[in-house]
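Q: Could you show me how to read the contacts, cores and ligand surroundings of a protein model?

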Amino acid sequence: MHVSQLMQLISGSIYSAIVCATAELEVAEALADGPCTLDELAARCSADREALGRLMRALAALGLVSEAEGRYATTDGLGWLRGSADGSLRALALLGGQPAMQGAWRHCAEAVRTGRTAFELANGRPLFDYLDDHEALRSTFQRSLSGPEAWNQAIADALDLAGRTLVVDVGAGDGRLLAALVRAWPGLRGIAFDRPSVVAAAGRDPSLEWVGGDFFAGVPAGGDVYLLRWVLHDWTDDQAVAILAHCRAAMRAGGVVLLVERLLAEPSDGSAALLDLTMLVLTGGRERTEAEYAALLARAGLRLSRALPTSAGLRILEATAA
Ligand SMILES: C[S@@+](CC[C@H](N)C(=O)[O-])C[C@H]1O[C@@H](n2cnc3c(N)ncnc32)[C@H](O)[C@@H]1O
């Protein structure tokens, strides 16, 4: 690695703070209808003209805006920070700037030394318990998970749910994936199961049945599909097995469990490795290989029957009763 690359890594928190401030000031929204002068931008973003000019210069240096004849224009990159864009990254940008999240990363070394979860070291409680009591952060967290609608569609396209009647989405979040499945398979019912604080949030999709609860105590019974996207990676092996065992106990004969996770490649895959470290810092969970998921499923009385590719590059692991 060249020293300039290390310098860039050392400055990484500055870049993320700049992107977070840009999202907070809604610069992308201000430029959505066309190029603007600094005066126009300062009015739209409710910002100090001179200070905003310095931010805009930095954004131009980073390639997030362009400048010509005293007018600033958006780029494709900045467009992803618009809150209304499909697959918007605005919530993710804002999340990184939240004190609870930054505090967790400041405890990364201690987490590595001790194996403990950095978020708990910093904030005194596990992430999801903390989110229960911090509504604004919970809403930003949930929105930060919503990828482009194309990801949900790719999963719907990869599945054959003909003959299935009830999908239970375990840890459903905003329910957008489940809603895509229900749309794709008319007649299919969808139960979105999540913590009571998440289920009580405004703006729930009315095409779904929303049930609040704790997946360590049990999950709604009688489904023939139990869907878990980006859920097991939040938890330790023993906790993941407990969640799977509840799905196994609750599902109808002939039912399936579907896991959608980023799979760690063997020997190593860069982005999954970063996500794996993020799990150590935020939740105490981990990313896993397909073989590791198969082992967890087996401990819960399930058998990995196949791995389905999707056009979005994600894989779906399908399991049946062992
Ligand atoms: C990483 S998010 C994934 C959300 C959703 N599956 C998606 O793909 O966007 C994990 C979800 O698990 C939920 N969760 C965490 N602890 C839970 C619990 N004990 N019982 C039920 N849901 C829980 C969280 O509220 C969150 O919505």
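**Contacts, cores and ligand**

A: Two residues are in contact when they have heavy atoms within 4.5 Å, and in this predicted model V170, leaving aside its neighbours within four places in sequence, is in contact with F193, F215, V219, Y226, L227, L228, V231, I243 and C247. Residues are numbered from 1 along each chain as its sequence is written, and side-chain values use heavy atoms, without hydrogens and water. Local features need pLDDT of at least 70 and side-chain atom pairs 80 or more, whereas totals for chains, interfaces and linings use all residues.

Q: Which residues touch the most other members of the largest nonpolar core?

A: A nonpolar core is a set of buried Ala, Val, Leu, Ile, Met, Phe, Trp, Tyr and Cys residues joined through side-chain atoms within 4.5 Å, where buried means under 20% relative accessible area with a 1.4 Å probe, protein chains only. Here the largest such core has 45 residues, of which V170, Y226, L228, L244, V257 and L259 touch the most other members. Helix α16 (residues 237–250) gives the most to this core, namely six residues; a helix is a DSSP run of H or I with at least four residues.

Q: Which residues come nearest to the ligand?

A: A residue counts as near when one of its heavy atoms lies within 4 Å, and of the 17 residues around the ligand, G171, D194, D214, F215 and R229 come nearest. A polar contact is a pair of N or O atoms within 3.5 Å; a polar side-chain atom of R229 lies 2.6 Å from an oxygen atom of the ligand, while a ligand nitrogen atom is 2.9 Å from an N or O atom in the side chain of D214.

Notes: Buried < 20%, exposed > 50% of the residue type's maximum accessible area, 1.4 Å probe, protein only. Helix = DSSP H or I, 4+ residues; strand = E, 2+ residues; numbered from the N terminus. Polar contact = N/O pair within 3.5 Å; in protein donor to acceptor, adjacent residues only side chain to side chain.
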